[in-house]
Amino acid sequence: MSPIIIAGPCSIESRSQFTSVVESLATLPQISMIRCGVWKPRTMPGGFEGLGEEALLWIDELKKAHPNLKFCCEVANAHHVEAVLNHSIDAVWIGARTTGSPFAVQEITEALRGSNLPVLVKNSPIPDIHVWIGALERCRKVGLNHIAAIHRGFDIYNNLGYRNNPLWEIPMELHRLMPDLPLICDPSHICGRRDLIAQVSQTALDLHFDGLMVEVHPSPADALTDASQQITPDELSDMLSRLVVRSAETSGTDDDLRALRSHIDDIDRQLLTLLADRQKTSLNIAAIKQRDNMTIFQPKRWSEVLADRIAQAKELGLDPSYIKDLYEKIHAQSVKDQETLLSGGN
Ligand code: PEP
Ligand code: MN
């Protein structure tokens, strides 16, 4: 199936800017919906905060000229909802900063009750899947049935060169828990820079995402918001023509695939057996630490273990940061198990 493509400017800045971008996007057959910022949440006060209801009037005009185009914008409170319900808005999204506020989400969903408007819920910048699920559930609870999730990355200590770290495991877990919920990736806010957008969009499609929301501006460098991450309509068109949409179905009949998966299953059994052995050994060590009155956490030993495992990983062609993350998890669990044992199981 073709991916859902939502594209449009970060913010509506003027009638001519918006008309220009919409007229260009209207010529692209892949576009499912136009995104546009009417009210802009800004981290610092004093920046461009969107044009509000004036911009809604231009959306009405363009809807009249292009009745088949759909438009969506962000709503952050009941007043915004009231306003969009009086204009040609076909869907709304709850922005990342709003998703983390249960009172705001409740207010928005109550205001949307009975409207049947589709609602797209962005993840909160905090990498806690429950915050995202909570906002989606609040939509469901008031009877909004057309809901979808937008993954826009997470603001964590190490963003690895992205504006917001994708932490792909979180949207993948959301998909596992809510398999029928459409999942859209917002590569623009993940990347924060246009040169990475095509690559992140392809990753999203390879990870089974249902679509993309991309920021598009007629002259990105002059944009009043998010100038470094917007792309032109031509660049979007070029990117869409290059994206590879792969089959989501597994071919149950492919013998090579079956054999390789069975090999993976064997490897995982060995890994788990070794982890259980490691845990047992770690508990034996705990008994010695107790006998000799040593602290559970031994910083020098831990530094040596980590450096050695990273060196081995490099020799084996494994990504050192992956092995570092893995060993931090394994070590944290060892410390926790030893503590539980020494504190008598509490
Ligand atoms: C936006 O999409 O315009 C936006 C403000 O993004 P986010 O809520 O993801 O920061
Ligand atoms: Mn933006």
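Helices (H or I, at least four residues) and strands (E, at least two) are DSSP runs, numbered from the N terminus. This is a predicted model, in which local features need pLDDT of at least 70, side-chain atom pairs count only at pLDDT 80 or more, and totals for chains, interfaces and linings use all residues. Residues are numbered from 1 along each chain as its sequence is written, ligands are numbered from 1 in the order in which they are written, and side-chain values use heavy atoms, without hydrogens and water.

**View 1. The protein chain as a whole.** The chain has 13 helices and eight strands. Its C-alpha trace spans about 80 × 50 × 40 Å along the principal axes. Of its 346 residues, 43% count as buried (under 20% relative accessible area, 1.4 Å probe, protein chains only).

View 2. Tyr 322 sits in helix 13, residues 320–342. Tyr 322 has a relative accessible area of 46%, so it counts as partly exposed (between 20% and 50%). With Leu 316, Leu 318 and Leu 326, Tyr 322 makes a nonpolar surface patch of about 400 Å². Patch residues have over 30% relative accessible area and no salt bridge, and nonpolar side chains are joined within 5 Å. A salt bridge is a side-chain nitrogen of Lys or Arg within 4 Å of a carboxyl oxygen of Asp or Glu.

**View 3. Contacts of ligand 1.** A polar side-chain atom of Arg 152 lies 2.7 Å from an oxygen atom of ligand 1. For Arg 97, a polar side-chain atom lies 3.0 Å from a ligand 1 oxygen atom. Taken alone, ligand 1 exposes 300 Å², and the protein buries 97% of that (Shrake-Rupley method, 1.4 Å probe).

Notes
Patches are made of residues with over 30% relative accessible area and no salt bridge: like charges are joined within 9 Å, nonpolar side chains (Val, Leu, Ile, Met, Phe, Trp, Tyr) within 5 Å. A polar contact is a pair of N or O atoms within 3.5 Å; within protein, one must be able to donate a hydrogen and the other to accept it, and residues adjacent in sequence count only if both atoms are side-chain atoms.
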